[in-house]
Amino acid sequence: MIKISKRLEAISSLIPINSNILDIGCDHALLDIHLYQKKISNRIIVSDINENALKNAKDNIKKAKLENNIETRLGNGLDILKEKDDINTIIISGMGAHTIIGILKNNSDKLKNIDTIILQSNTKLAFLRKEMTKLNYKIADEMMIEDSKKIYTIIKFIKGRAHYNKKEIYFGPILLTKQDKIFKQYYKQELEKLNIYLNLLPKNHPLDRYKIMQEKRLYRNVIE
């Protein structure tokens with residue numbers, strides 16, 4: 001059985017059993033090998049735009065003797081997906097929010113049969129949540145985990161419509177209800193960063209300073 005990181009373990013915990021999966025930007029395919037070995041999925045396609053990254057994935061799949069069970073494809077985002085693939089779940093992790101949304105919007109017609117999208121972005125989570133609602137997906141679950149001294153946010157989206165207020169878009173509707181230790185730790189750190197940035201920002205940037213003050217107020221209302 002392959003050993004995976006806490007981050008990948010958390011992603012796997014959000015994936016419905018018996019999903020048909022496309023993992024975009026699969027890196028080393030360790031998550032996908034784990035998903036097959038744990039019998040979470042029997043149908044997995046892994047893809048990457050980088051040929052070297054895909055070679056690493058192929059090597060690991062071969063070591064696990066799963067060449068006949070996990071398919072690899074070289075290509076950009078959803079370009080490699082065909083209707084006959086019968087995929088219903090997409091995973092994209094370790095990318096920036098703008099890249100993720102670009103991947104999904106560039107081929108939004110290919111999302112018609114996608115019931116579940118699991119995303120782990122390194123940036124702009126508010127933007128990610130807002131844009132996913134425009135693609136007619138709502139938040140089914142969220143979690144924050146600490147792995148190797150970094151904090152990651154993982155969001156599970158499912159087909160459906162939902163309206164979220166500003167606070168929910170910023171912090172996540174489910175994470176707001178949990179407000180666990182990691183959540184508070186992360187946003188205290190973010191508040192400290194805003195304080196530093198505000199102190200460095202010249203006084204002749206009133207609009208930028210106002211936006212930061214507004215963001216600080218939003219953070220304080222949640223964590224203090």
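This is a predicted model: local features need pLDDT of at least 70, side-chain atom pairs count only at pLDDT 80 or more; totals for chains, interfaces and linings use all residues.

Visitor: Let us start with strand E4. Is E4 mostly covered or mostly open?

Guide: Strand E4, residues 89–95, is mostly covered, with six of its seven residues buried. Buried means under 20% relative accessible area, exposed means over 50%, and partly exposed is in between, with a 1.4 Å probe and protein chains only. Helices (H or I, at least four residues) and strands (E, at least two) are DSSP runs, numbered from the N terminus.

Visitor: Which strand is joined to E4 by four bridges?

Guide: That is E1, residues 20–24, which runs parallel to E4. Two strands pair if DSSP finds at least two bridges between them. Within this pairing, Ile24 stands opposite Ile92 of E4.

Visitor: And how many bridges link E4 with E5?

Guide: Six bridges pair E4 with E5 (residues 116–121), again in the parallel sense. Ile90 has Ile117 in E5 as its bridge partner.

Visitor: What unit do E4, H4 and E5 make?

Guide: Together with helix H4 (residues 97–106), the strands E4 and E5 make a right-handed β-α-β unit. Right-handed means that, with the strands pointing away from the viewer, the path from the first strand over the helix to the second runs clockwise.

Visitor: Changing topic: where does Arg129 lie, and is it buried or exposed?

Guide: Arg129 lies in helix H5, residues 125–134. Arg129 has a relative accessible area of 0%, so it counts as buried.

Visitor: What does the side chain of Arg129 reach?

Guide: The Arg129 side chain comes to 3.0 Å from the backbone oxygen of Ile169. There is also a polar contact of 2.9 Å between the side chains of Glu142 and Arg129. A polar contact is a pair of N or O atoms within 3.5 Å; within protein, one must be able to donate a hydrogen and the other to accept it, and residues adjacent in sequence count only if both atoms are side-chain atoms.

Visitor: Where is Glu142 placed, and is it buried or exposed?

Guide: Glu142 sits in strand E6, residues 137–147. Glu142 is buried because its relative accessibility is 0%. Its side chain also reaches the backbone nitrogen of Leu175, at 3.1 Å.

Visitor: Which residues does Arg129 touch?

Guide: Not counting residues up to four places away in sequence, Arg129 touches several residues, among them Ile139, Thr153, Phe157, Tyr170 and Leu175. Contact here means heavy atoms within 4.5 Å.

Visitor: On to H9. How far does that helix reach?

Guide: Helix H9 (residues 206–223) has 18 residues and reaches 26 Å from its first C-alpha to its last, close to the 26 Å expected at 1.5 Å a residue. The expected span is 1.5 Å times one less than the number of residues.

Visitor: Which residues of H9 are buried, and what covers them?

Guide: The buried residues of H9 are Arg209, Ile212, Lys216, Leu218, Tyr219, Val222 and Ile223. Their cover includes helices H6 (166–171), H7 (173–178) and H8 (181–200).

Visitor: How many aromatic pairs are found in the whole structure?

Guide: A search of the whole structure finds eight. Tyr187 and Tyr219 form an edge-to-face pair, 5.5 Å centre to centre with 80 degrees between the planes. Tyr187 is in helix H8 and Tyr219 in helix H9, so this pair ties together parts 32 residues apart in sequence. Rings of Phe, Tyr and Trp (its six-membered ring) pair if their centres lie within 6.5 Å; planes under 30 degrees apart count as stacked, over 60 as edge-to-face and the rest as tilted.

Visitor: Which residues form the aromatic cluster?

Guide: Tyr170, Phe171, Phe183, Tyr186, Tyr187 and Tyr219 form one cluster.

Visitor: Finally, what is phi of Lys124, and where is Lys124 placed?

Guide: Phi of Lys124 is near 45 degrees, a positive value in a residue other than glycine. Lys124 is in the loop between E5 and H5, and its relative accessible area of 54% makes it exposed. Most residues other than glycine have a negative phi.

How values were computed: Residues are numbered from 1 along each chain as its sequence is written. Side-chain values use heavy atoms; hydrogens and water are left out.
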